[in-house]
Structures are given as C-alpha cells and as structure tokens.
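Dear colleague,

I am handing over the structure below, and after it you will find what came out of going through it. Please keep it open beside this message as you read.

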Amino acid sequence: MAGPWYATPLHGRWEALGAQLTEMDGWQVPERFGDGAAEARAAREGVALGDETPRAKLLVQGEEAAAAVAAATGLAAPRVGDVSGGRVTACGLRPDLLLVAAGPGEGEGILKTLEQAAAAAAGLVTVTDVTHGRFEYRIVGPESPRLLSKVCGLDFDDDAFPDRRCRETSVARVKALVVRIDTGGRPAYRVLGGRALGAYVWDTLMEAGAGLGIAPIGAAALRELEA
C-alpha cells in the first residue's frame, strides 16, 4: 500500500511527469499525461505505452484447469498459445496452466467463482491471484510490432504472431508474457512480468521507442481507443 491506495511500479514516474492520476479499484493510475487527444493520436499513428497493472491476473493450474476455467467463466478452453474471451480472457500457457485476466473491479468475483470451480473439479486445481506481483503494460499502435522487435526475440509479423495469441518469452531480458489483443483494428499487446522489474521494463520500452514517436498513454485515451 502507498497511502490509501495501491501503487503500480511506476508511481514515482507518474508524479515526476505531473500526470493527472485517477483511482481504479483501489489503485492509482494516470488518467492522462496532459493532452489526451495527443495520446490517442500517438496510438493511432505510431505507438503508445500504458500502465494497466491494476487488471486482475489469476493463474489456474492442474489437469482440470481448463475445465475449471470454462465452468467458472463460460469461456472456451484455449489451446496453448491462444487467447479466448473478450472482457474476461483466458490465455493458454500450458495444457495444465491458464492465465485468466479481467478489468479492475472484476477480480474478486472471478477469483471466487474460479475457486468454487476448482473445489468441484475431479482433480486438483489451484487458483493463485498474482495481480499484485505482476506489472501489466499495454502497447498500442501500428509501430507496436517494431517496438517489441527491438527488445524481444520473437517474430511479430502478423503471420507469426497474429491477433489473440500469447507467448511466454523475455522482454528486455526479463521473463515476460506477451499477449496480442488488437484494439480498434490496430496492433495491441499486453506485456506482463514480475513487479520488481516493472520500472526497468517500462524505461527500456520508452527508450527503444524514442525513434518511433512513442508516448505514454493514460486511462482516458485507452478508453477512447476501445470505444
């Protein structure tokens, strides 16, 4: 806790940048960095980087993990490397391991239903809330693949890494999960990794994107892009 709210790994940077902060399910995140229209334009024309660490992140593990996720959320069980769902998503990491993610405020309810489904499963299924232990950044815009190619060894060509796919890899030499879920017809990725290295990954992405016109993006512009 930092005061009466939770802080992402980047809170000090937001204060230094003079960002207008907003509360999101007990967290503080940037609403905007000044000109919200300019932030949205950067995402439409180049690349923008946002902090969505408050999103719920739940790991479901066990031989019956996929069945438990389907029972709790109604989502089709994704194959390894695939992403299913919309507002609530499930990423197939291994046959016995899935990541269920959702927007702020939804984690508690989904966690409860997942735990109930796990208890009713035929085999052992565990559910672990890793929301506070993982950063989650959003990269949006036509230059997103080029940015990620600078810091990650994956092939981000559309044929190699299409929409609604996920890969465990390293980003800036940090173990991470990269999830592609396009927004408004534009390439968009979520990058998740250990909280302790969150500030380093953010700084590395911003540095790598300097030649691509990268800009930080706040919650207001991200909502506009999804509308």
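Helix α2 (residues 36-45) and helix α7 (residues 219-226) pack with their axes 9 Å apart and at an angle of about 50°, where axes are lines fitted to C-alpha atoms, for helices over the stretch in contact, and angles run from 0 to 180 degrees between N-to-C directions. That angle makes α2 oblique to α7, since angles under 35 degrees count as roughly parallel, over 145 as roughly antiparallel, 65 to 115 as roughly perpendicular and the rest as oblique. In this contact (heavy atoms within 4.5 Å), Gly 36, Glu 39, Ala 40, Ala 43 and Arg 44 of α2 meet Ala 221, Glu 224 and Leu 225 of α7. By class, the contact has 4 nonpolar, 1 polar and 3 charged residues, where Ala, Val, Leu, Ile, Met, Phe, Trp, Tyr, Cys and Pro count as nonpolar, Asp, Glu, Lys and Arg as charged, and the others, Gly among them, as polar.

A word on the source: this is a predicted model, in which local features need pLDDT of at least 70 and side-chain atom pairs count only at pLDDT 80 or more, while totals for chains, interfaces and linings use all residues. Residues are numbered from 1 along each chain as its sequence is written, and side-chain values use heavy atoms, with hydrogens and water left out.

The secondary structure comes to 7 helices and 14 strands; helices (H or I, at least four residues) and strands (E, at least two) are DSSP runs, numbered from the N terminus. Five of the strands are the subject of the next part: an open sheet of 5 strands, with antiparallel pairing, has the order β6-β7-β8-β5-β9, and two strands pair if DSSP finds at least two bridges between them. At the edges stand β6 (83-85) and β9 (126-129), each with a single partner strand, so one side of each has no neighbour in the sheet. From one strand to the next, the twist averages 25°.

Within the sheet, β7 (residues 89-94) is joined to β8 (residues 97-102) by 5 bridges, and the bridge partner of Cys 91 in β8 is Leu 99. Strand β8 is also joined to β5 by 6 bridges, with Ala 102 as the bridge partner of Ala 56, whereas β5 and β9 pair over 4 bridges.
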